[in-house]
Amino acid sequence: MDDKKARSDAVRFAVANTEIEGGQVLPETESALDEWAHGEIDDDELMEQTLKKFGAGA
């Protein structure tokens, strides 16, 4: 399995799991995860965006 496929699967699983548990995935979060899944941003950039949006308790 290539890296992009693995990332895409991880994003789909995370989004689905959140929704199954009654949570909501914000469009901004889904967009950042899609960018990460497609290799447009790296792990550090994804974490930076997440921390800026939600704070360190995210």
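Gln-49 is partly exposed, with a relative accessible area of 26%. This residue sits in helix H3, in a model that is predicted. The protein chain holds three helices and zero strands. Along the sequence the pattern reads α-α-α.

**Overall dimensions**

- The radius of gyration of the protein chain is 12 Å, close to the 10 Å from the globule rule for 58 residues, so the chain is as compact as a globular protein of that length.
- Along the principal axes, the C-alpha atoms fill a box of roughly 30 × 25 × 15 Å.
- The protein chain exposes about 4,300 Å². Carbon and sulfur atoms supply 53% of that area.
- Of the 58 residues in the protein chain, 17% are buried.
- Take the contacts between residues at least 6 apart in sequence: 40% of them join residues at least 24 apart.

**Packing of H1 with H2**

- Helix H1 covers residues 3-20, and helix H2 covers residues 27-37.
- Their axes lie 8 Å apart, at an angle of about 160°. An angle over 145 degrees counts as roughly antiparallel, and H1 and H2 are therefore roughly antiparallel to each other.
- On the H1 side, the contact is made by Lys-4, Arg-7, Ser-8, Ala-10, Val-11 and Val-15. H2 supplies Glu-30, Leu-33, Asp-34, Trp-36 and Ala-37.
- By class, this contact of H1 with H2 has six nonpolar, one polar and four charged residues.

**Packing of H2 with H3**

- Helix H3 spans residues 43-54. H2 and H3 pack at an angle of about 170°, with axes 10 Å apart.
- That angle makes H2 roughly antiparallel to H3.
- From H2, the residues in the contact are Glu-28, Thr-29, Ala-32, Leu-33, Glu-35 and Trp-36. They meet Asp-43, Leu-46, Gln-49, Lys-53 and Phe-54 in H3.
- The contact of H2 with H3 divides into five nonpolar, two polar and four charged residues.
- Leu-33 and Trp-36 of H2 take part in the contact with H1, and Leu-33 and Trp-36 also take part in the contact with H3.

**Arg-7 in H1**

- Arg-7 lies in H1 and belongs to the contact of H1 with H2.
- Its relative accessibility is 15%. The cut-off for buried is under 20%, so Arg-7 counts as buried.
- Setting aside neighbours within four places in sequence, Arg-7 is in contact with Trp-36, Ala-37, Ile-41 and Asp-43.
- Of these partners, Trp-36 and Ala-37 are H2 residues in the contact with H1, while Asp-43 is an H3 residue in the contact with H2.

**Glu-30 in H2**

- Glu-30 lies in H2 and is partly exposed, with a relative accessible area of 33%.
- Neighbours within four places in sequence aside, Glu-30 is in contact with Val-15 and Val-25. Val-15 is one of the H1 residues in the contact with H2.
- Glu-30 and Ala-14 are 16 residues apart in sequence. Their C-alpha atoms are 10.0 Å apart in space.

**Gln-49 in H3**

- Gln-49 touches Ala-32, Glu-35 and Ile-41, not counting residues up to four places away in sequence.
- Ala-32 and Glu-35 are H2 residues in the contact with H3. Ile-41 is also in contact with Arg-7.
- The C-alpha atoms of Gln-49 and Ala-32 are separated by 7.7 Å. Along the chain, Gln-49 and Ala-32 are 17 residues apart.

Notes. Residues are numbered from 1 along each chain as its sequence is written. This is a predicted model: local features need pLDDT of at least 70, side-chain atom pairs count only at pLDDT 80 or more; totals for chains, interfaces and linings use all residues. Side-chain values use heavy atoms; hydrogens and water are left out. Helices (H or I, at least four residues) and strands (E, at least two) are DSSP runs, numbered from the N terminus. Buried means under 20% relative accessible area, exposed over 50%, partly exposed in between (1.4 Å probe, protein chains only). Contact means heavy atoms within 4.5 Å. Axes are lines fitted to C-alpha atoms, for helices over the stretch in contact, and angles run from 0 to 180 degrees between N-to-C directions. Angles under 35 degrees count as roughly parallel, over 145 as roughly antiparallel, 65 to 115 as roughly perpendicular and the rest as oblique. Ala, Val, Leu, Ile, Met, Phe, Trp, Tyr, Cys and Pro count as nonpolar, Asp, Glu, Lys and Arg as charged, and the others, Gly among them, as polar. The radius of gyration is taken over C-alpha atoms; the globule rule is 2.2 Å times the number of residues to the power 0.38. Accessible areas come from the Shrake-Rupley method with a 1.4 Å probe; for residues, only the protein chains shown count as cover.
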